[in-house]
Every structure is written in structure tokens, then in C-alpha cells.
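Hi,

Here's the structure I promised to send over. Have a look at it first, and then read on for what turned up.

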Amino acid sequence: MCRTKDKIVRYAPLCIYRFRLIVPHRLVDAQLCNQQYHSYEEIEDVPARLKNGNAPSLRSAAGRASDANKTLRVRWRWCRHHMGLMQKEVAEKIGITRGHYTKFESGETDYIPSDVADRLAELFHVPVTDLLDEYNSFLYNGQRKMLLDCRKRLGLNQRAFARLIQVPAATLQIWESGKKRVTKSSWEKYLRDYIKVNEVCS
């Protein structure tokens, strides 16, 4: 409602509406994440923490990898929440689509390009190795270099190493040339038990 008096237009509301304030889900998620982990350094062994601090039992390589991936997912979310960013905002800052970032953060995508990992680590101000699982660390460190270094450490030629990991020599040759990226399934089946990405192969 409005009226004019002394050449001045005056407005008055006809009614006042009251709305219930609904906290967005992302804010609740951020609050819960920050309450559970007060600092970045606390995000070291998420599965053990979920077990109320009990030491994890001896597990298979696949089980340990699964635990490590849970820790990585929390790290990604904690860093994003700590900076007050939504997924689409992080995606824009590192030059990828929101869909790609969402899959990276949730672990739905096996392969994270090295340049994306570098930009994300720079944005989050953390070491790039903190954001990568063993498979992506293997690729980030250089697939060709990692294969050659560890084969030489074992003192094996290409054919002998191929026999050891049970793949055709031609396949190993292609992997070592860098012409074809090792898939995650191949990494888990043939290479994970022989190549330790956290150790320097001499």
C-alpha cells in the first residue's frame, strides 16, 4: 500500500509474513565435519576414529586401501568446508565442472589428472600427496618412472618382471613406455603388491 502526502510517496506493508528458517544441508554437513575434526592434522585414520579410537585390526591390502580412501574423502570435504566453499565454487576455482569435482570428492572417479590435483592442493594449501590414493599417487609420480625404478630395484629385466606380475610382456612394455595409462583395476590386480608409492625405489 502506498500514498502521497506533501509530494512524498509513503509505503506501508499490507501484511507481514513469517517464514521458518531452514538451514541448508551443506551447512549442517560442514558443521558436523568441523565438529568431528577440529584441525586438519586430526584427519589421519578415519576408520579407526569411527571405531571409537580402537586400533584397526590386521587387514588385507584391499581393506587398507578402502580405509585410506575414506580418510581421503574426509580430507577433501574438511578442506572445502573449512574454506566455506560449495562444490561448484571449488570446481570454478580449479577450472573443472561441478560434476567432475563431485565425483572426485566422493571417490566415484578412479583417475584424478595431475594438473587438477596440483590446483586443488594449491587451493586447499595442503600437500598434493594428502589428496591422492595409492593409485593416483602412482600416476602422479610418473607411471613410467615408478615401473622402471621398481623393476630395477628387484633386479629384473622387463620379461622377468612381466612374469612376476603375471601380465604379457607386451602389456608391460606399453605401460613402461607411457603410451597407455594403467587402469585402477590393473593397478590393484597386478602392481599394488610390488610398487609402494610411499617408498623411494632406488
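Which residues in H8 meet which residues in H10? On the H8 side they are Gln143, Arg144, Leu147, Leu148 and Arg151, and their partners in H10 are Leu172, Trp175, Glu176 and Ser177. Sorted by type, the residues of this contact come out as four nonpolar, two polar and three charged. As for the geometry, H8 covers residues 143-153 and H10 covers residues 169-177, and the two pack with their axes 7 Å apart at an angle of about 120 degrees. H8 and H10 are therefore oblique to each other.

Before you zoom in further, bear in mind that this is a predicted model. The mean pLDDT of the protein chain is 81, with 68% of its residues at 70 or more. Helix H6 has the highest confidence, at 97, while helix H2 (residues 46-50) has the lowest, at a mean of 45. Two stretches to watch: pLDDT is below 50 over residues 19-24, which have one contact beyond near neighbours in sequence, and also over residues 47-59, which have 13 such contacts.

Arg119 is partly exposed, at a relative accessible area of 31%. Setting aside neighbours within four places in sequence, Arg119 contacts Ile94, Gly95 and Ile96. The Arg119 side chain reaches the backbone oxygen of Ile94 at 2.6 Å. Those two residues are 25 residues apart along the chain, yet their C-alpha atoms are separated by 5.7 Å.

Cheers

Key: Residues are numbered from 1 along each chain as its sequence is written. This is a predicted model: local features need pLDDT of at least 70, side-chain atom pairs count only at pLDDT 80 or more; totals for chains, interfaces and linings use all residues. Side-chain values use heavy atoms; hydrogens and water are left out. Buried means under 20% relative accessible area, exposed over 50%, partly exposed in between (1.4 Å probe, protein chains only). Contact means heavy atoms within 4.5 Å. A polar contact is a pair of N or O atoms within 3.5 Å; within protein, one must be able to donate a hydrogen and the other to accept it, and residues adjacent in sequence count only if both atoms are side-chain atoms. Axes are lines fitted to C-alpha atoms, for helices over the stretch in contact, and angles run from 0 to 180 degrees between N-to-C directions. Helices (H or I, at least four residues) and strands (E, at least two) are DSSP runs, numbered from the N terminus. Angles under 35 degrees count as roughly parallel, over 145 as roughly antiparallel, 65 to 115 as roughly perpendicular and the rest as oblique. Ala, Val, Leu, Ile, Met, Phe, Trp, Tyr, Cys and Pro count as nonpolar, Asp, Glu, Lys and Arg as charged, and the others, Gly among them, as polar. pLDDT is the predictor's confidence in each residue, from 0 to 100.
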